[in-house]
Amino acid sequence: MAGLGLIAAAIAVGLGALGAGIGNGLIVGRTVEGIARQPELKGLLQTTMFIGVALVEALPIIAVVIAFIVMNK
């Protein structure tokens, strides 16, 4: 049964990292598009982007916590 817990933990962390990578790519890509369209809003768009990236990065951290919980059971 310990092997299944390790596999579950690995899947949780892997999917969390995959989701965060996709999310960050979309956020940064759309920010670059916005800056290309309206360069005068660069500061506002970057600030919003950093907040969004920080929120997206919470996902892998939560996944690691869940992985540790699964491994300890």
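Tutor: What follows is a short walk through a predicted model.

Student: Where does H1 run, and what is its end-to-end distance?
Tutor: Helix H1 covers residues 2-37. Its end C-alpha atoms are 53 Å apart, which agrees with the 52 Å that its 36 residues should span at 1.5 Å a residue.

Student: And how far apart are the ends of H2?
Tutor: The end C-alpha atoms of H2 are 46 Å apart. For 31 residues at 1.5 Å a residue the span should be 45 Å, so the two values agree. H2 takes in residues 42-72.

Student: Which residues of H1 are buried?
Tutor: Gly5, Ala9, Gly16, Ala20, Gly23, Asn24, Thr31 and Gly34 are buried in H1.

Student: What covers them?
Tutor: The cover for the buried residues of H1 includes helix H2.

Student: Which residues is Thr31 in contact with, leaving aside neighbours within four places in sequence?
Tutor: Those are Leu45 and Met49.

Student: What does the Thr31 side chain reach?
Tutor: The side chain of Thr31 reaches the backbone oxygen of Ile27, at 2.8 Å. Thr31 is in helix H1.

Student: Changing topic. Which residues make the nonpolar surface patch?
Tutor: Leu4, Ile7, Ile11, Leu15, Leu18, Ile22 and Leu26 make a nonpolar surface patch of about 700 Å².

Student: Why would residues spaced like that end up pointing the same way?
Tutor: An α-helix has 3.6 residues a turn, so residues three or four places apart point the same way.

Student: Take Leu26. How exposed is it?
Tutor: Leu26 lies in helix H1 and is partly exposed, with a relative accessible area of 49%. Exposed means over 50%, so at 49% Leu26 stays in the partly exposed class.

Student: And Val65, which helix is that in?
Tutor: Val65 is in helix H2. Val65 counts as partly exposed, at 45% relative accessibility.

Student: How far is Val65 from Ala9?
Tutor: Their C-alpha atoms are separated by 9.4 Å, while Val65 and Ala9 are 56 residues apart along the chain. Ala9 is one of the buried residues of H1.

Notes. Residues numbered from 1 in each chain as written. Predicted model: local features only at pLDDT ≥ 70, side-chain atom pairs only at ≥ 80, totals over all residues. Heavy atoms only, no water. Patch = residues over 30% accessible without salt bridge, like charges linked within 9 Å, V, L, I, M, F, W, Y side chains within 5 Å. Areas by Shrake-Rupley, 256 points an atom, 1.4 Å probe, with all protein chains shown as cover. Salt bridge = Lys/Arg side-chain N within 4 Å of Asp/Glu carboxyl O. Helix = DSSP H or I, 4+ residues; strand = E, 2+ residues; numbered from the N terminus. Buried < 20%, exposed > 50% of the residue type's maximum accessible area, 1.4 Å probe, protein only. Expected span 1.5 Å × (residues − 1). Contact = heavy atoms within 4.5 Å. Polar contact = N/O pair within 3.5 Å; in protein donor to acceptor, adjacent residues only side chain to side chain.
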